[in-house]
Amino acid sequence: MPLDRATETYLRHIAIERGLSQHTLSAYRRDLATFAAWLETVPPIDSDGADGAGGSAVLDDVGRIARADLSGFVTHLATRPSGPLSPRSVARMLSSVRSFTAFAAGEGWLQLDPGASVRPPKAPMRLPKAISVHDMERLLAAVSADGSTGVDDPVQLRDKALLELLYATGARISEAVGLSVDDVTTLSDADGDLSVVKVTGKGNKQRIVPLGSYARAAIDAYLVRARPVFAARGTSTPALFLGARGARLSRQSAWLVIQAAASRADLAEHVSPHTFRHSFATHLLEGGADVRVVQELLGHASVATTQIYTMVTADMLRDVYQTSHPRARR
């Protein structure tokens, strides 16, 4: 089977079976297109490809992909004259290709999966960047609705609700703008009421995350006094956060909301959508939360992913100890 047809079959498969977003599917498509473009530049070989790259012959027959094609692709990405990619980017692109070859082997297009034994370059560990609780409070205060005139500003009410929700839940920006009004609800039991939000994460997996009182109050204010203003400008949509024309708020618009708030708060650190997620996890762990609880709240498949935040809090403890204890250092 030609590589292009095999690629389209694979992309349709993961779109249906994994429920991936269009953003993620586009990333897979780009990575596989980069792999195919590189193969076109590799001279074909006469052997079965076991000891060298199959080159353009692979484009005509996906069954000719060999281990050397993948390892050569990794070397190319890390050393290309136009600008080598970082180990993290190389690992991501290799992951896309390996996922494809595993699928091709499962379909019988390949006798063996050549990607099974190809390892990505080791990326240096990057600790997530969080801001302090004080700076987060400054950031959230920067989007508070201006009550001095006695008139509610729908944009400020929406922005306040969005940022309060991001910090209260640790949701990714794509998860936040993907919420519907019905995803915010209240659970009741013998111990009382609990406001929660149903978040749909990667792989269409859903999780329930508690919603703090500040976030719930901001969302209620937005739903009552601001969302109807936006909704009147567009067609009916269940989306929780709406843009100026009444449609679902985009990721790009939400990013601009964060940048504007950070600018008004005059924060020295760079603030991105993921800063809220990192700060959410870090502040929970600093407050004594169990790492497995934080794992569930973040929607991480593995606790190993969440444990990187414990390194952040350990660094903070070390710094505080060394600067505060009279006999910590000579």
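The second largest pocket of this predicted model is lined by 19 residues, among which Leu140, Glu164, Tyr167, Ala168 and Tyr214 lie nearest its centre. A pocket is here an open set of points on a 1 Å grid over the protein atoms alone, with protein on both sides within 12 Å along at least five of seven lines, and lining residues have an atom within 4 Å of a point. At least two lining residues each come from helix H6 (133-141), helix H7 (154-169), strand S3 (206-210), helix H9 (213-225) and helix H12 (273-286); helices (H or I, at least four residues) and strands (E, at least two) are DSSP runs, numbered from the N terminus. The lining comprises 12 nonpolar, 4 polar and 3 charged residues, where Ala, Val, Leu, Ile, Met, Phe, Trp, Tyr, Cys and Pro count as nonpolar, Asp, Glu, Lys and Arg as charged, and the others, Gly among them, as polar.

Gln295 belongs to helix H13 (residues 291-298). This residue counts as buried because its relative accessibility is 8%, the criterion being under 20% relative accessible area (1.4 Å probe, protein chains only). Beyond neighbours within four places in sequence, Gln295 is in contact (heavy atoms within 4.5 Å) with His300, Ala301, Ser302, Val303 and Thr306.

The protein chain contains 15 helices and 3 strands, and 40% of its 330 residues count as buried.

Residues are numbered from 1 along each chain as its sequence is written.

Technical notes: Predicted model: local features only at pLDDT ≥ 70, side-chain atom pairs only at ≥ 80, totals over all residues. Heavy atoms only, no water. 1 Å grid on protein atoms, 1.4 Å probe; cavity = no way out; pocket = protein on both sides within 12 Å on 5 of 7 lines; lining within 4 Å. Buried < 20%, exposed > 50% of the residue type's maximum accessible area, 1.4 Å probe, protein only.
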